[in-house]
Amino acid sequence: MNKQHDISSVLTENRVFAPSKKFAAKAIVSSAKNLDKIRKAAEKNPVAFWEQCAAALQWDKKWKSALIWNYPFAQWFAGGKINASVNCLDRHLSSYRKNKAAIIWEGEPGDQRTLTYGQLHAEVCRAANVLKKFGIGKGDTVAIYMGMIPEAVIAMLACARIGAVHNVVFGGFSSDALRDRMLDMKAKLLVTQDGAFRRGTSVNLKDAADKAVAECPDITSVIVVRRSGENIQMCAGRDYWWGEVMKSATAINKPESLSAEHPLFALYTSGSTGKPKGILHTTGGYLTQVNFTSRIIFDLNDDDIYFCTADIGWVTGHSYVVYGPLSNGATVFMYEGAPNFPDAGRFWDMIERHRITILYTAPTAIRAFMKWGDSYVLKHDLSSLRLLGSVGEPINPEAWMWYRAVVGKNNCPIVDTWWQTETGAIMIAPIPGVVPTKPGSGTLPLPGIIADAVRRDGTSCEQNEGGYLVIKHPWPAMLRTIVGDDERYRKTYWSEFPPNENGEGGWYFTGDGARRDKDGYFWIIGRVDDVVNVSGHRLGTAEIESALVSHTTVAEAAVITRPDEIKGNALVAFVTLKSGADVPALHELREILRNHVAKEIGHIAKPDEIRFSEQLPKTRSGKIMRRLLREIVAEGKTSGDTTALEDFSVLEKLRATEEE
Ligand code: WTA
């Protein structure tokens, strides 16, 4: 955590929107009184509350202990046996849901597919048999490097069915990023596709996959879905077409009965040091919380068509495209491509044509739509919509109001949902039929979630005082560890607020700052560590810095952000070059370095601006003072305290670094 960071919150927002009577009348949770009772009981006994939620799932064997807490390691529902794919598929087959659409998919070019629960189940069983045939069993890792096509979901659920651990790597990541993740996980098999459609062209994934696999000796087979039809190399004896291997597999597969703590997936996320962390999630607790939150926060009903715009490469795609909605038997709408293809009205066009009822998207997308103009939205009939959701970063009140008025016609509650890759599921969000909303606030923690804004000494903040957002009691979907690194897990999340000498306390530190208002509502102020949020994607500045420094010309780099209208934050990199390095013209070098970062991490991490500087401002102990860099970018000068600075002349030089 950055110790120099003062948390101050400047936002004041007084608008309050109560749920409409019409919405409340039909909502799954509609009684404020009842919710209040449940909240109070859950505050006293969170574990009992989560046990009730777990009972909504289908267990092969009931758990013995709901929570075993061996700080900071949790086991939820120990002794219980369960299978996630059974909960998402098989249990719906004995009812009318068998022939209900599980996934309605639209490709970017406009092609469509619908898979009923019955059909999705058959495909998953086939894929599970294929994986087994390739030697994949319980506990083995399968990497998935794909775009948004139904086979990605099928592959995930097939892993869950046989007890393999999936590691989905976002299709926008580079081959290096894919390689690092596969190596860290010791993945044995990779599922990928030839190319994915994005903004009218196809992005080749197989070439990147080939490069990565060449350096991953544990990968023995690659299964390739035909999607774009482009020419790719198939390596004989290693690569197999999905279509071919699925053809010869049967649709009968007996699921593994897995212990509740069996790992379901790992997903890598950025932290404040260079190396991405493999966040490990297990089965029973994770499924309990994603199932409960999907149902209650999105008010999911059987006749809803629910569209979550997140990519399955992010945790939102895992929890709220796949496991949450499918375990509720919902109809999920899934879209392959860009929101502005063929024009900026694509989402609204799809909502109109498919009669989508629930839309869950990110503030960065909302801001882009605002900029593209209301006319794209107003052209379409959005009267099917009844609930809107937001996730990924704090939503600014203007964007919230626009979302409510222009998209929701002042008719749809907005659920602003705060959570993280680590939390696995939503933690702070309004329950839409009951909790009044305020633009920019995620409102209250869910029942069973004990959250607080605290000072560094652990005391609770006063009303409206900014502090550190902590979770004071284990929750079922919490990460269990960082893959292969229990110590880093302890240090990253549990060392800021350790237990006292009586063994009390020991809280999870989220890395976010927050304040609570007079109604107890949470307002997230943003990250307080060196993690930044660009277009709703989490990036560690340290990761981008090490990518820059890995270039032959770069001696040192510091990455900070400045506010950006669409992306929320734009990345600004300060770079010092190695003396004597063979350096091209600086405008060329800027492009070279941007592309270098894209190669190392992916396009999302490309700095928007690169400033070259002879030196970086440092404390006497050598820590780069990013605060000063932020001030220089924002104001062109520094106004804060510079007494810790080692060499004052640096500041003068930095002011002159602006990109020409
Ligand atoms: C931020 C995405 C404010 C926050 C699910 C968190 C939010 C990080 C919100 C996690 C929200 C996410 N309001 N901030 N509704 N949702 N964040 O791991 O800083 O990609 O710590 O998980 O995004 O990002 P991650």
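How many residues surround the ligand, and which are the closest? The ligand has 17 residues around it, and the closest are D416, T417, T421, R527 and R538. The structure is a predicted model.

**The ligand and its surroundings**

- T421 uses its side chain instead, with a polar atom 2.6 Å from an oxygen atom of the ligand.
- R538 also places a polar side-chain atom by a ligand oxygen atom, at 2.7 Å.
- The ligand on its own would expose 530 Å², and the protein buries 95% of that area.
- Two elements, helix α11 (315–327) and strand β25 (522–527), each contribute at least two residues to the shell around the ligand.
- Sorted by class, the shell holds six nonpolar residues, six polar residues and five charged residues.

**Aromatic pairs**

- Across the whole structure, 39 aromatic pairs are found.
- Is W494 buried or exposed? W494 has a relative accessibility of 2%, so it counts as buried, since the cut-off for buried is under 20%.
- Y71 has a relative accessibility of 23%, so it counts as partly exposed.
- Another pair joins Y335 and F347: the ring centres are 6.2 Å apart and the planes stand at 90°, so this pair is edge-to-face. The reason is that planes over 60 degrees apart count as edge-to-face.
- Y335 lies in strand β17 (residues 331–335) and F347 in helix α12 (residues 346–354), so their pair ties together parts that are twelve residues apart in sequence.
- Both Y335 and F347 are buried.
- Y71 and W494 also belong to one aromatic cluster, together with W69, F73, W475, Y489, Y493 and Y508.

**Charges over rings**

- R113 has its charged end over the ring of W105, at 6.0 Å from the ring centre.
- R181 has its charged end over the ring of F173, at 4.6 Å from the ring centre.

**Two single residues**

- A570 is part of strand β29 (residues 568–577).
- The relative accessible area of A570 is 0%, so this residue is buried.
- A570 and N328 are 242 residues apart along the chain, and their C-alpha atoms are separated by 38 Å.
- Where does C235 lie? C235 is in the loop between β11 (221–225) and β12 (239–241).
- With a relative accessibility of 33%, C235 counts as partly exposed, because that class covers values between the 20% limit for buried and the 50% limit for exposed.
- C235 and D210 are 25 residues apart in sequence, and the distance between their C-alpha atoms is 8.9 Å.

Technical notes
Residues are numbered from 1 along each chain as its sequence is written. This is a predicted model: local features need pLDDT of at least 70, side-chain atom pairs count only at pLDDT 80 or more; totals for chains, interfaces and linings use all residues. Side-chain values use heavy atoms; hydrogens and water are left out. A residue is near a molecule or strand if one of its heavy atoms lies within 4 Å of it. A polar contact is a pair of N or O atoms within 3.5 Å; within protein, one must be able to donate a hydrogen and the other to accept it, and residues adjacent in sequence count only if both atoms are side-chain atoms. Accessible areas come from the Shrake-Rupley method with a 1.4 Å probe; for residues, only the protein chains shown count as cover. Helices (H or I, at least four residues) and strands (E, at least two) are DSSP runs, numbered from the N terminus. Ala, Val, Leu, Ile, Met, Phe, Trp, Tyr, Cys and Pro count as nonpolar, Asp, Glu, Lys and Arg as charged, and the others, Gly among them, as polar. Rings of Phe, Tyr and Trp (its six-membered ring) pair if their centres lie within 6.5 Å; planes under 30 degrees apart count as stacked, over 60 as edge-to-face and the rest as tilted. Buried means under 20% relative accessible area, exposed over 50%, partly exposed in between (1.4 Å probe, protein chains only). A charge sits over a ring if NZ of Lys or CZ of Arg is within 6 Å of the ring centre and within 35 degrees of the ring normal.
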